[in-house]
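Let's take a look at the sulfur links in this protein. Have the sequence and the 3D view open as you read.

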Amino acid sequence: MPEKGTPRTRRRTWLVAALAVTLLAASAVTWFAVARAEEREDRLDANRELVTHGCAGLLREEMYASVPDDARGVLDAYGTLLRPGQESRALLDCTLAWGDGGGRAEADVRARVRAEAVPDRTSPGSVTGDFGLPLPAGATGSVGTADRWDGGAVATAALLVDCPAGLHGRGRTTRDLLVSVDLPSDTEGADVHGIPKAERLAVARTAAKVTNWVSRKEGCGSEPLPTEPAAAPAKTPELCAWLNPKGLGSTPGDWSYDGNDNTYNRRAGACGGRWDDTAGSPGHLTVRAAGAESWSGVLAAGAYEEYADKALVPDPAVPAPHDRPLTVERSGNDLQLALWARSECVAGPAYHRVSVTPEFDFDYGHEDGKVVLEPKDQRRLSRHVRTVLDRYLSAPDGWPKRSHCRGTKIVGEVAEWRGRD
């Protein structure tokens with residue numbers, strides 16, 4: 001005969017066991033959650049430590065508050081300023097990356113700073129534009145965006161700075177310092193430049209800070225760059241006041257002058273304008289746009305090389321004759337007549353490129369999509385582009401005069417509608 005109360009005892013034992021299992025499971029979940037939280041906090045601390053001391057601390061201010069806690073960071077640093085005696089073209093090349101995208105270039109979050117001495121040439125495209133911070137006349141820079149592998153964006157900045165005392169890289173001594181910076185970007189709230197205003201300031205400030213750090217370490221003699229916005233400079237003579245359509249064979253009407261340089265920089269200058277009237281349209285073979293650009297020092301060679309790669313520089317072996325008709329076909333692009341010249345200016349050898357853009361009325365021609373330029377038309381356009389060059393070189397407040405250019409020689413003419421064999 002079973003003992004009295006045995007079923008009740010067994011039920012009580014089962015309930016106690018079930019409660020113990022539940023408490024044990026809850027404790028395990030709590031322990032796991034706590035462990036995960038501690039792990040994330042450890043990663044965050046490690047990543048902040050990496051930002052604080054990696055890359056000489058140059059990324060700390062902009063990256064410290066936004067480092068992730070879900071991936072451990074990786075530091076890739078080299079360059080002669082970080083590792084003296086190292087064989088490297090770079091003075092500084094440092095990347096911080098987080099995430100497992102398969103490599104530092106594919107990482108989820110990535111920031112990079114680089115500084116190098118430029119021995120002979122560099123492309124003007126990356127360092128001429130709107131930098132967002134005031135720069136001295138010997139420095140030029142630009143801020144923008146670049147695409148990431150995953151479709152995201154990177155905020156970029158580049159600076160080219162004069163170092164009067166020279167830079168001593170792996171090669172010969174030079175006085176041109178090139179700094180570039182990449183920072184993570186969120187394109188929401190982007191301005192007309194494709195980057196949010198706060199990020200635009202952050203990447204420009206980082207580039208200026210890196211430049212100042214390298215300049216001090218190298219003793220290159222450049223003046224410190226400001227790292228914060230400043231009040232607009234006092235009104236100065238307009239660099240592009242010389243440019244107007246008068247005498248260029250333009251259809252009467254208003255012109256717009258967007259993107260002209262407002263401050264002088266001895267490394268590069270640009271002016272441009274185009275017919276922009278709401279009434280009517282420009283007539284056939286009238287000039288509807290004109291412009292001038294100059295590059296000096298390492299930018300001069302870089303600019304000329306870029307145009308040469310597109311076969312858009314004068315060819316001494318094939319002069320541009322104006323003694324026979326030329327057929328121009330519709331291309332969908334604005335075709336320019338450019339005139340190149342070279343000078344010796346305050347920042348070194350310089351190239352000047354001036355241009356006019358004629359209006360081609362392809363309904364005017366005898367064949368659909370084609371017009372014929374008679375020799376007299378070609379000569380007239382050549383006179384217009386030479387007028388632009390003469391005005392540019394002689395303008396008291398224009399870039400060539402401000403840069404004390406001398407010994408100017410004509411290099412040649414390039415008509416974009418004229419094919420190359």
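Are Cys-240 and Cys-271 buried or exposed? Both of them are buried, meaning under 20% relative accessible area, with exposed being over 50% and partly exposed in between (1.4 Å probe, protein chains only).

## About the model

This is a predicted model, where local features need pLDDT of at least 70, side-chain atom pairs count only at pLDDT 80 or more, and totals for chains, interfaces and linings use all residues. Residues are numbered from 1 along each chain as its sequence is written, and side-chain values use heavy atoms, leaving out hydrogens and water.

## The overall pattern

You'll find four disulfides here, a disulfide being a pair of cysteine sulfur atoms within 2.5 Å. Count the bonded cysteines along the chain and the pairing goes 1-2, 3-4, 5-6, 7-8.

## Cys-55 and Cys-94

These two are joined with an S to S distance of 1.9 Å. The torsion about their S-S bond is about -85°, so the disulfide is left-handed. Cys-55 sits in the loop between helix 1 (6–53) and helix 2 (60–63), while Cys-94 is in strand 2 (residues 90–98), 39 residues apart. Helices (H or I, at least four residues) and strands (E, at least two) are DSSP runs, numbered from the N terminus.

## Cys-240 and Cys-271

Back to our opening pair: the sulfurs of Cys-240 and Cys-271 are 1.9 Å apart, and with -80° about the S-S bond, this link is left-handed.
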